[in-house]
Amino acid sequence: MSLKNTFHKAVVAALSLLLPAGLAAQTSSINAFSPYTMYGIGEVNTPGTLPMRSMGGVGVAMRNPGMVNTLNPAAYSAVPQKSFLFSFGLEGQNYYNSQSDNGVAKKSAYNTFNFHDIAVQFPLARKLGLGVSLAPYSSVGYRTKFFREFDPGDPVWGNVGPVQYTYQGEGDVTEVKLGVGWEVAKHFSIGLAAQYYWGKIDRSYTATFSSITGEGAFNSIVGQSEYSISSFKGQVGVQWDAIMNSRRVLTFGATFDVGGDLRPRHRTQVYTSDLSGTTVIDEEADLKLVLPRQLVAGVYYQTPKWTFGFDYVYQNWGGANQDAVSTGAGAGGGRFDVAYANTSTFKVGVEFVPNRYDVRRFMKRWSYRAGFRYGDYSQTFGGRRLHQYAVTVGFGIPVRFLGASSVDVGFEYGNRGFNVAERVGLVRQQYFKFAVGFALFAGSENGEYWFVRPKYD
């Protein structure tokens with residue numbers, strides 16, 4: 001057995017041992033840092049393995065026997081016989097938030113680091129494949145303060161004085177996906193997948209009062225809320241190779257997510273900060289929070305050197321969630337109604353491999369990727385939509401000549417709220433992401449045939 005094959009097995013074994021740690025890490029507070037995660041289930045993460053995310057997030061029509069596709073279960077049928085595909089990713093993020101409040105510029109920055117995805121795909125029979133993946137679906141992480149000035153004309157707050165509010169929250173929702181793909185006819189495949197979502201989100205606020213006269217003391221008010229989520233939903237997908245020959249492949253793909261009520265269990269507590277911790281409110285309730293129905297359609301074109309992809313994503317967040325929350329202070333002291341809204345997102349990506357058969361020049365066998373994504377954020381603030389975009393680049397380094405295993409590196413720059421933030425006093429958010437992924441292929445490329453009984457010992 002070659003040293004390289006031994007290395008492959010050691011890496012897979014180590015990553016398998018890290019799976020429980022990955023599950024625990026998904027429930028930490030270091031997945032996101034954004035004031036926009038104060039509501040609902042937070043910021044929805046970009047799905048897909050790192051090669052897909054480095055191409056803007058495209059991939060619903062991607063059909064490659066040597067690459068994991070977690071976006072469309074129909075692609076599972078492309079896994080070759082006697083092979084095994086494994087993908088694992090890590091991601092670090094740098095958040096930069098800026099806001100103009102009454103002419104005063106405020107800025108903050110925060111760094112996060114966590115697992116992004118773990119995925120496995122392998123054949124069950126000829127033209128029938130199975131896929132399993134684990135990935136964070138959404139993340140919550142924020143710490144922010146608001147100071148309410150003393151207003152002697154206010155009938156309530158005029159008798160109290162200035163108030164300092166502190167808000168913070170952390171948590172996430174994780175997705176586990178299990179699906180099968182079947183090539184029912186030549187060049188046409190269908191797929192079915194079940195998705196399980198679970199997670200816990202904790203939010204709290206503290207109101208600290210100050211005396212008008214400087215005499216006397218007020219007890220602070222502390223509020224805590226906890227979301228506990230556990231729910232299933234489903235996905236169907238199709239792929240069709242309209243053109244398939246040795247020079248080029250043109251594939252169309254689509255998926256539909258049925259959505260469903262997350263049925264979060266919500267517990268709210270409000271108490272004072274005196275020695276006895278007097279409880280004002282302590283109640284539990286089932287909230288209505290629905291994952292959207294999602295329709296994704298895309299096209300993927302491949303040649304020996306070039307790959308182009310385009311995806312369109314529609315999500316009916318607003319149709320499924322009608323309630324709004326009146327909260328926060330905007331420009332001029334006004335309040336915003338925060339509500340979910342339907343979204344449309346456009347993704348485009350490109351990959352270039354100069355010459356995957358070049359024996360002498362190693363870097364000519366690398367895969368160079370770039371992409372762009374543009375759409376709306378899933379929530380509106382005071383009826384205003386927040387536009388967001390992302391620019392992505394990356395590259396893939398093959399582990400061996402003519403092999404499918406690779407080490408992938410990706411970068412992403414994103415901007416949210418640039419269209420309205422400065423005009424209405426909202427936060428303009430910029431972020432940078434750096435990710436590393438490992439794609440392992442066991443099969444004919446390295447003489448590793450997993451789950452096959454040998455004829456001779």
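I looked up the side chain of Ser77 and found a polar contact with the side chain of Ser189 at 3.0 Å. A polar contact is a pair of N or O atoms within 3.5 Å; within protein, one must be able to donate a hydrogen and the other to accept it, and residues adjacent in sequence count only if both atoms are side-chain atoms. The model is predicted: local features need pLDDT of at least 70, side-chain atom pairs count only at pLDDT 80 or more, and totals for chains, interfaces and linings use all residues. Residues are numbered from 1 along each chain as its sequence is written, and side-chain values use heavy atoms, without hydrogens and water.

A polar atom of the Ser77 side chain also lies 3.0 Å from the backbone oxygen of Ala74. Is Ser77 buried or exposed? I noted it as buried, because its relative accessible area is 6%. Buried means under 20% relative accessible area, exposed over 50%, partly exposed in between (1.4 Å probe, protein chains only).

Next I turned to Asn342. Asn342 counts as partly exposed because its relative accessibility is 28%. Which backbone nitrogen does its side chain reach at 3.1 Å? I found that of Gly319. The Asn342 side chain also reaches the backbone nitrogen of Trp317, at 3.4 Å.

I then listed contacts (heavy atoms within 4.5 Å). Leaving aside neighbours within four places in sequence, Asn342 is in contact with residues including Tyr314, Gln315 and Arg385. Last, I checked a separation: the C-alpha atoms of Asn342 and Thr380 are 9.7 Å apart, with the two residues 38 apart along the chain.
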